[in-house]
Structure formats: C-alpha cells, structure tokens
Amino acid sequence: MFVDDSTPGITQGAGPNSSTSAALRNLNKTQVDLINTVSAAAHAAGHKAVVVLNSGTAVAMPWVNNVDAVLEMWYPGERGGEATSNLLYGLVNPSGKLPMTFPKNDDSTPFSSNLERTTGTQTATETRPSIKWTDGVDVGYRWYTDPTANVNGYEPLYPFGFGLSYTTFRYSGLRVKNAKDGGLDVTFTVKNTGEKDGADSPQVYIGSSPDLAVPTYDANGIVTGGFQQSAQKLVQFDHIQLATGQSKTATLHVDRQQVSAWDTIGQKWVIGSGDRMISLGASSEELVLSVTRKVR
C-alpha cells in the first residue's frame, strides 16, 4: 500500500481532550481506511501487509499495529519507484536511519500537558500569556532520553536513529581514549551477523558532565547562570557497509566542542570535564555498550 501526507486529514487528537496544539500530521481518512481494509484482507488470506510511506516529516500511525512493516521513503524523486521496488523485493537492503523521532501520538510529545509550549503562561510582569521555550537543549530525542525533562516517561513510536534491515549487526570492543585536541577517540567493532550484505549506522552518544554547574533561569525561562546539558547527546556516527559475516573496526573522533557546553553569560564554549558516559548503539533508545571516560 502506497500512502503519503500530501493531503493530510484531521489532526489526530486535536479535539477537546487534546493536551497540545502542536498535533502530528495524519494521513487522510481515505488512506487510513485503505490501510486498515487491505491489511485485514491480506491477513485473512494468509499474506503480509506493508505500507510504503511518502512523507516529509513524522506522521501519526494509529494503524501501525495492523500492518507487518512500514517502509519510509520520504519524497524520493523521479526514480523513487525503482528504489522502492528494489527495497521491497530485496534487491537492495534498506540501511537508512531516522533523522527524527516519530512520537506515538499527540499526547506523548514534548508539548504534551505543557502550557508553556502550547497556549502559553503568564508571569506577573506580562499582560498576556506567552510561549516560553524552556526546553533549552532538550529538543527531539534529547527530550525523550532525559528523565528530568520527560518526567512522564513517554516513549516514542520510533526513536531517532532507528532503522531496520534484512540482516543483523553486533557491536563489540568499545574503547575510548582522550584525544590531543581535548576531545575523544571512540573505537569499536561492528559485525554483520545475518545472511545478507548490508550497511549499519552505529551511533555514539555522551552523557552530561558532573563538573558543570546546573543552570538557573529567570521567570521567562532565560538562562541566568550555569550550563544546559543533555542527559544523552549524539556526538558521532558512521555508515559501514558489511558483507555477511564481515567485521570492521572503526575509530570515530569526537571533537572538543562536542564534549563542551555553552556558557550563556560568558558567551563561550566550556569543556565538560569529569567522568562522562560514552555509549554506542543502533538508535537513541537502543544503546548496547557503554564505558566511562574522564574528560579533561
């Protein structure tokens, strides 16, 4: 089934019970009915149902549990049909990773139940409500992976960096060394453990520095001191092509700025020293190896 978001329907969850005005895009009713009807018929006949999605951003997928797979092709251009066919028939192994988070629904996003970022709040010095972007550096996947920001523990439908393949991969041998420029050199091995050639995109994330002061804010959410840090931040990634059974050891350099935080008052980058957690994984929610390294 081929569907797209070019004619979106009524936004999911935008009724009286919605807790956000920033609703996800939704496929129109005709396309949703197509997905549900065809997938039900396919399953009744003992077949699988696959949705090929052409979209420019994350869309609501209340139908996702009714299908066996979703192939996100974005807007692939004039040879998109050929590319889609090659992927569906296994001539090419899908090896892409999501560059954004796909939320489950409107009520599990950074906007959910947060008046500061939807209808706005009003301080004693304001004449009317205003939206205050107090999320700071915790945007996208960084909000989902930070328990101090995502206090309700919302989980995404598909996390940042997620992507399936016709083969499988295993990570091992994670090692981290201090680099001469003040950054880090991260070394690890990736092995194709499946039965098809394919490519993987291992991702390196770093935790916050214990040595940097916690930020302070004024009534409007403006930083007045300290440092904003993410509990988990992507600092490097690679795209590695591997034949079945093949292994490759890679070393990725994390530069000094990636292990630093912005000093709003001093208007400069300050290195986040101390013991930092460095993690390796297949997405922001699937970190399989971690080590601690002192940043100096």
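## Leu184 and its contacts

Setting aside neighbours within four places in sequence, Leu184 is in contact (heavy atoms within 4.5 Å) with Val176, Lys177, Asn178, Ala179, Ile206, Leu252, His253, Val254, Val259, Ile278, Arg293 and Val295. The model is a predicted one, in which local features need pLDDT of at least 70 and side-chain atom pairs count only at pLDDT 80 or more, while totals for chains, interfaces and linings use all residues. Residues are numbered from 1 along each chain as its sequence is written, and side-chain values use heavy atoms, with hydrogens and water left out.

## The three-stranded sheet

An open sheet of 3 strands runs in the order β4-β5-β12 with antiparallel pairing; strands here are DSSP runs of E of at least two residues, and helices are runs of H or I of at least four, both numbered from the N terminus. The edge strands, each pairing on one side only, are β4 (169–178) and β12 (247–254), and the twist from one strand to the next averages 20°. Pairing requires that DSSP finds at least two bridges between two strands; β5 (residues 184–192) and β12 pair in the antiparallel sense over 8 bridges, and Thr187 stands opposite Thr251 in β12.

## Thr109 in its loop

Thr109 is placed in the loop between α2 (80–88) and α3 (141–144), and because its relative accessibility is 4%, Thr109 counts as buried. Apart from neighbours within four places in sequence, Thr109 is in contact with Pro103, Trp143, Tyr144 and Tyr154.

## Lining of the largest pocket

The lining of the largest pocket comprises 30 residues, of which Val70, Leu71, Glu72, Pro94 and Leu164 lie nearest its centre. A pocket is an open set of points on a 1 Å grid over the protein atoms alone, where a 1.4 Å probe fits, with protein on both sides within 12 Å along at least five of seven lines, and lining residues have an atom within 4 Å of a point. At least two lining residues each are supplied by β2 (50–54), β3 (69–72) and α2, and the largest share, 4 residues, comes from β3.

Methods: Buried means under 20% relative accessible area, exposed over 50%, partly exposed in between (1.4 Å probe, protein chains only). Axes are lines fitted to C-alpha atoms, for helices over the stretch in contact, and angles run from 0 to 180 degrees between N-to-C directions.
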